[in-house]
Amino acid sequence: MSETLREVRAMTIVKLDSAARSHTQLTTELINEWVTKIAELLGVGGPEFADDLETLVRALEADYNVHIGSWTSLADDGDHVPWLAEASDEIEWKFWERYERYLRDDQGFPAASTQRLGEITEDTLGRLEAPERPGAWDRRGLVSGQVQSGKTANYAGLIAKALDSGYKLVVVLAGVHNSLRSQTQARIDEAILGFDTRNALRFDQTNGNRIGVGKLAGSFLPVNSFTSSSEKGDFNLSVAKNIGVAVGGNDPIVLVVKKNKSILTNLYKWATALKQEIDPDTGKAIVRGVPVLVIDDEADHASVDTNGPKRGQDPDEVDPSAINRLIRQFLTTFEKSAYVAYTATPFANIFISPDKEHDEAGKDLFPESFIVNLPTPSTYIGPARVFGLAQNVQSNIDEVRGLPIVRPVADYTGWLPDKHKSTATIGPDLPPSLRQAMLSFLIASAVRRLRGQVKKHNSMLVHVTHFTLVQQQVAAQIMDELSDMRDRITFGEGANPVLRTAAEELFASDHARTTNKILAMEDVAHLAGPVPEFAAVWEEMKTVANEAVVNTVNGTSEDALAYVDNPDGLTVIAVGGNKLSRGLTLEGLSVSYYLRASRMYDTLMQMGRWFGYRPNYVDVCRLYTTDTLVKWYTDITSAAEELQAEFDVMSATGRTPRDFGLRVRQHPDGLIISSPSKLRNATSVAISYSGALAETITFTSKGLQPNLDALANLITSIGPENATETNTHDLWSGVPATEVLAFLNAYEPDPAAIRTQPKVLADYIARAVVEDELTSWTVAVANKQDPNDSQEIASRLYGLTTREALESSTARFAIRRLVSPRHELVTLQTGSPEWTRLLAKTLEIWKAKNKGNTLAKPPTTPSPIVARHARDARHGLILIYPLDPAGPATGEFKNEDGLPAIGYAVSFPRAINDVPIAYKVNQVFWDEQYGFDFDDEGGDE
């Protein structure tokens, strides 16, 4: 973009910002009118600028159509002194205002994004203590946001405001690899320091070293750093001593360090030696008068204590793992400390016990003060958007259509098997799917150039192994293929244009069609662009192919700084493994080729480098992966959304981090969220069904007759004549818990249904009854109004429910969901005062999540999860479904007697006196269920 066009953009933004503040609707026509007028005023309104101005209009339209919901939070402010509201007017927000200008003017952040960032960071800062608050204080919180959604921008904003308000020392814990630490330091250089730390570690007034915020007009803000973005730029004790800047002095200090034992040990020595004294009350060293803020990036990685007790050992006598211990010691030694963890996968942090302490290390890193869940802008492309999300009325989750950008891969096993060793030799030829992915990358990069994204980074990810030696072989083959493509594109192919023909076919059959599909999707159309002519694409591919390089990502700072050192745009195919999956951002990522397998939520999501922001090029993005991985991502995204829905309800009802931490640790789905080491090598997991819905989704032929008998006995016992008939169910109210327990104890489950085992549910209910909870039940048996497809059960005729099969074999079948929408509300009368109250609470939560989203449709019925949390703790609900034995649910299922399968769902209210039950697991269970084939705490081998 020329300087004149930049002026057009800047002047248009001034008018748009003013209009947005006055709530003027910013239509495409209005934006186009202003761009045209300002362009003519500046002399760039001729036909030769038509394409550039059209691109600018689309970019501004996308910018000003961004909507961002409100953040949700849980807090425990028992020891907190509110301060920011009163102090705000007295604080000079110099660091923040400079950073805000940098995001808006230099980085092109949408106005809505910078405004919401300011609001969230102010809220988070206010949850910390005032830096001048006298006496000892310690605040520990967690900020959770989606993978690649802007957490770094968020904590940079928090750092800026902390410096403005008087925090003297800020330490950013940035991963375990040089690449991530260097990348984070480079971003802090641009966002906070304003100078390139590779050239100097202290601020200076000259312009030669200024970058980022330092290049903006205005006075230079003094701040020091003893760490740099260079390869050897991590914290060095001798360098810190020689610089001679005391912690707690006039100018603040910002450090970016790896989570490394020797680095953290030296940091502790330096920070505490200068002002250390002995606390007479504890006899331990303490640093007084220096408010410190520790930002823990990727906080679920390395920071969590993974040392568990050995057989027979007292858990209180176990020393914490090294990194965890050093972080805790650092915080404990400062009289005034604030710790804020940032992660996209927070469950390992929430699993931390809030009450565990160590004599030397102090209390653990549980976010006891607050948990903040960041909203994502409508421009964010996350797991739900990539893979789709089924509607779940029970958890108030709306359907999300997946983007048509995923391409199946099934041709690689002869080249590189799923299970391979570090010494494996790959096949001689790249699989066709990988060659196609490379060609798609060249096309995508060319299309971006044609859309005006010339000086932009373009990246492709190839993640097929975590072994370094195998990665090198993969990279070598990709280099050979890229070289061949480059020669064919640059010099031509004569009478046999194989590559051009393949590219033209791929462009027509895939890229053009996909772009048109996305342009027809109202909520993401503004993130795509027009379909160019193939001839123009082929011409641009020459430039792309000649600029493209292949890099293996091995964790060095060069991996991260390659983008910084190529400001005019880097085009790279990155081949990597674990070191690529933890925080390192691939700028301008458009094509991913991913074959790695893991069923853990945190591992899967962190490996998803393709999530993020793709303005004006989402339609050219591609994910090449296996059907199995797509299924796992889809399932785990759904599970995470359900837990998030529960977080939102707990936030709306004033719960605390301890409440949510307990819920996560005791959630029936808690076993799938993280690795065993992060869960303290648990062999026994406490499970609570408080506020949960437990439903059967798998069935076996062996259980058909006994489960039909169990239902018949239940109906006979509670009296068929006592049923209240509705359009969908037979209902019995006030049923004693003993009757429900008898049904569950007689039910023969599929052993694979590990979270809905009737024995576990029965034990939980029995314990609740002792606490005078779950004593009275509503039994609802689904009765579809179809006499032609029915079954007699206990002298009553029941129409059978059908469900689509998710998996089916002769011995077993599985479905995705059992409970139909609104069935959990069978005890509520539409329009009643309770219905109205629950609907109002549902709308309150929905509005916060969908603020500014004009496309979202408000719910018209109460959310079942809200209803569960509101229901009397004594009242349980069990929904029972006789399923059609010959319908789509059964598929290949062998059912010679034509018996219905009996499914049940137990809807639990939120418990008051919750008594969890123990669930036994072992390492074999973890391996078989969740596919561990490597240590996700380790690096590439």
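I take contact to mean heavy atoms within 4.5 Å. The model is predicted.

**Entry: F743 and the cores**

I started at F743. Leaving out residues up to four places away in sequence, I find that F743 touches A710, L711, L714, I878, I880 and Y904. I then looked up the largest nonpolar core, which has 58 residues. F743, W777, V779 and I880 touch the most other members there. Which helix gives the most to this core? I find helix α22, residues 704-718, with eight residues. I also noted a second, separate core of 49 residues. Among its members are V409, F467, Y617 and Y624.

**Entry: helix α25**

I checked the length of α25, residues 833-849. At 1.5 Å a residue, its 17 residues should span 24 Å. The end C-alpha atoms are 25 Å apart, so the model agrees. Next I listed the buried residues of α25: W835, L838, L839, T842, I845 and W846. They cover an arc of only 125 degrees around the axis, so they lie on the same side of α25. What do they pack against? I find α20 (627-652) and α26 (864-870). On the face turned away from the buried side, I noted the exposed residues P833 and K847.

**Entry: strands β28 and β29**

I looked up β28, residues 805-808, and β29, residues 812-815. The two strands run antiparallel and are joined by three bridges. They form a hairpin, with three residues between them. Which residue of β29 stands opposite S808? I find F813 there.

Definitions and conventions:
Residues numbered from 1 in each chain as written. Predicted model: local features only at pLDDT ≥ 70, side-chain atom pairs only at ≥ 80, totals over all residues. Heavy atoms only, no water. Helix = DSSP H or I, 4+ residues; strand = E, 2+ residues; numbered from the N terminus. Expected span 1.5 Å × (residues − 1). Buried < 20%, exposed > 50% of the residue type's maximum accessible area, 1.4 Å probe, protein only. Arc of directions from axis to C-beta. Core = buried A, V, L, I, M, F, W, Y, C linked by side-chain atoms within 4.5 Å. Pairing = 2+ DSSP bridges.
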